[in-house]
Amino acid sequence: MGLISWERRRRSAANGAAALLASVAAIALSAPSAQAQQASAPTDQSKETDQQKAAPAGATLLDRILVLSRTGETAIQSLASASHVDQEQLDRRMATTPNEMLFGVPGVAAQADARRVSTSINIRGLQDFGRVAVIVDGARQNFQRSDHGTQSTFYIDPELVKSVDVIRGPVANTYGSGAIGGVVFFDTKDAVDFLKPDETWAGSVTGRYESNGKGWTTSATGAYRINENWDVLGNIVYRDYDNYKDGDGDTVNGTGFDVLSGLLKTTIRPTENSELKLGWVGSNDGWNETSGGLPVNDVDLKSNTFTARYNITDEDKSWLDLHINTSYNKTNLDLTSLAPQNRFDPVTGLPVVLPAGSLSTFDVGTTGIDIWNTSRFETNGIAHELTYGGDWVGDNVKTGGAAGGDSFYTPSGKRNVSGAYVQDKLTWDWLEVVAGLRYDSYSLKDDMHDISGDRLSPRVTVGVSPFESAGLAGLQFYGTYAEGYRSPSITETLISGNHPAGVSFPFLPNPNLRPETGKTTEFGVNYKQNDIFEPGDALRLKAAYFNNDVDDYIDGVTLSPFAPGSGCPFGPGIPICFQYQNFAKAKINGFELEGVYDAAWGYAGFSASITDGHTVSYKGVEADLATIPSSQVTAQLGLRFLEDKLTIGGEVQYNGKPKGNAVATDYTLVNAFASYQATDNLKVDFRADNLFDVKYANPLNGSTTVAVYEPGITLKLAATMRFGG
């Protein structure tokens, strides 16, 4: 879309959203108190039963069953660094971007540059090119575009999401190949989360205003129960925002965007012990990229994800608990130049003029199949949960456009990654052992190359609960050694051509890249205790120290044509070359802590993460790792009033700069929130982010050419009306 059409759409949406917000409040206040605000419900009866068994009254987030768990564990039961973000938290954060959904999750950071709808997730200092598996309803999000800053990006509208699960480290290798950093799983809403037991249909509308960037969000949700075994849900969201201002009050150009997102999902239960979910999630995003403060490119990004998930069990979930997931994700990004641009021909390196209206295209299609079964049985008093399965993911990348356009530096090609695994979880009294083995293989090819590789990766975890006394019975210690395997991406292997702007220099392909192997040692503790200070309260705590050595780590390096054996050709106009190369290893270590206390009066949460890391060359030379995020300490407090109708609270987060980062500084963010269930039909939410208007930059943007400052103080106000029958 052009600047004129973008502005017209923005004004129209703002006027419409204002009318919608006023209508929501008026209708809801005059409506009878018949229906309650959308509730967070389990996805099926079996999970509801499991949650009731696992969680006391006033249960905490760490008692929620992890959607991505293949053995039905909660976060506090998991012998791994796992976190869960539920619907209540998402509503409280009033998130606009995936980054805001993950606020305070230890070991997790997000990089978005100024393009807030295009996000890359970092876990424990690892990100991009599949090191972190980002999954939406079982579908891998593998879109990638070569650029300064973020490389592998995705977008999911927070309004469509009901929960987020995170598993940190390569212990997550049963969820797909390459995730040496970890897995982030976004689970979208279901009709059963929205409909009351006695309702056939229900709907809701939401209007929200944000002060910084002066943007509106409008959302509508509808659900229908066709019969007791078949329901359907749809959700549509439109967001429209201007450029925001940083903590100094300066406008950050290129941060405005508009995005239309939607969700359609149906759940069918053919038998009492089987379930089929069919879903579609899509978005159409638009924003302007800037250079020197002026718009240079109009960006239009369309993403569509289709999923089918089937689960069948025997009556007791003993030998049969079979899951079959299939998915297809297609992302198309069109980059249209808004003004003539001086560029370099990608083949000759000679200066060219890229005319206004020139188009570059990036099309990435990802197909996935994931099948696994869990068998539960006992041998000699030892309980077994034996999980075995396999998965395959195929990427098909097609790029094109005018000479000098950016698409030439994201090479076309195909990559297939597959794996199979077996894992047994053994439980006996105070001892728990998890032993697994995964086999991975990959193939990558274009018109000139055909590359492949494979590997076996083990995992062993031992957990002990040595105490029986009342105060220490919930204390558990564990130790883990796990390996993961990431194959080189198409871009890392095949990138070629000349740098498009500024200075012309060649990108060199590297078909000899070796895959990365993550080798992690982790020691952790889980603690849970109920009825500590008052009946029904709950304390949950997880802490872990980890050390991850990534052998043959891949990163971009600058080569000199004067260095012998560099491979950089010597010639006129070639000051340097750029190539992805292996390092001997990346060494990353750190500490993570997550705790929450929940009682009738409210809750208090605390999390912390400290990550440090560097690369080591084959000659033993150490260098800072640019993807190390800020060390963080986050405290949260929420108070409940008026029979839990009103919740008010706040968050404080300290961020410590990573060493060697040129743009990072220490900074502290303070946020406040309030949520009021005014009537059974109307809910009003308020939030203030960056309350003291701090000017700060995300350290992960240190690799970009210009520091991008994050939003200053932002006030958010929303109203939601629900109705049904």
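**Figure 1. One disulfide, cysteine 568 to cysteine 577.** Searching the whole structure turns up one disulfide. In this predicted model, the bridge runs from cysteine 568 to cysteine 577, with 2.0 Å from S to S. In general terms, a disulfide is a covalent bond between the sulfur atoms of two cysteines. The link between cysteine 568 and cysteine 577 is right-handed, with 75° about the S-S bond. How buried are the two partners, cysteine 568 and cysteine 577? Cysteine 568 has a relative accessible area of 7%, so it is buried. Cysteine 577 comes out at 0% relative accessibility and is buried too.

**Figure 2. An aromatic pair, tyrosine 442 and tyrosine 485.** The structure as a whole holds 14 aromatic pairs. In the one shown here, the ring centres of tyrosine 442 and tyrosine 485 sit 6.5 Å apart. Why call this pair tilted? The ring planes meet at 50°, which is neither under 30 degrees (stacked) nor over 60 (edge-to-face). Tyrosine 442 belongs to strand β20, while tyrosine 485 belongs to strand β22 (residues 475-486), so the pair ties together parts 43 residues apart in sequence. Both tyrosine 442 and tyrosine 485 are buried.

**Figure 3. A cluster of aromatic rings.** Which residues make up this cluster? Phe129, Phe505, Phe507, Phe578 and Tyr580 are linked into it by ring pairs.

**Figure 4. An open four-stranded sheet.** The strands run in the order β23-β24-β28-β27, and the pairing is mixed. Which strands are at the edges? The edge strands are β23 (497-498) and β27 (554-559), and each of them pairs on one side only. Zooming in on one end, β23 pairs with strand β24 (residues 506-508) in the antiparallel sense, over two bridges. Here asparagine 498 stands opposite proline 506 of β24.

**Figure 5. Asparagine 325 in strand β14.** The strand spans residues 321-337. Is asparagine 325 buried or exposed? Asparagine 325 has 10% relative accessibility, so it counts as buried. Setting aside neighbours within four places in sequence, asparagine 325 has contacts with Ala308, Arg309 and Tyr310, and also with Gly368, Ile369, Asp370 and Trp372.

**Figure 6. Glycine 649 in strand β33.** The strand covers residues 646-656. Glycine 649 has a relative accessible area of 22%, so it is partly exposed. How far is the C-alpha atom of glycine 649 from that of leucine 639? The two C-alpha atoms are 6.0 Å apart, with the residues ten apart along the chain. Beyond neighbours within four places in sequence, glycine 649 makes contact with Leu637, Gly638, Ala672 and Phe673.

Figure 7. Most residues other than glycine have a negative phi. At 65% relative accessibility, aspartate 429 is exposed. Aspartate 644 lies in the loop between β32 (631-641) and β33. Its relative accessible area of 52% makes aspartate 644 exposed.

**Figure 8. Residues 1-58, a stretch with pLDDT below 50.** The protein averages a pLDDT of 87, and 90% of its residues score at least 70. Over residues 1-58 the pLDDT is below 50, yet the model gives this stretch 105 contacts beyond near neighbours in sequence. How should such a region be read? Where pLDDT is low, the predicted coordinates should not be read in detail.

How values were computed
Residues numbered from 1 in each chain as written. Predicted model: local features only at pLDDT ≥ 70, side-chain atom pairs only at ≥ 80, totals over all residues. Heavy atoms only, no water. Buried < 20%, exposed > 50% of the residue type's maximum accessible area, 1.4 Å probe, protein only. Contact = heavy atoms within 4.5 Å. Pairing = 2+ DSSP bridges. Disulfide = S-S within 2.5 Å. pLDDT = per-residue confidence, 0-100. Phe/Tyr/Trp six-rings, centres within 6.5 Å; stacked < 30°, edge-to-face > 60°.
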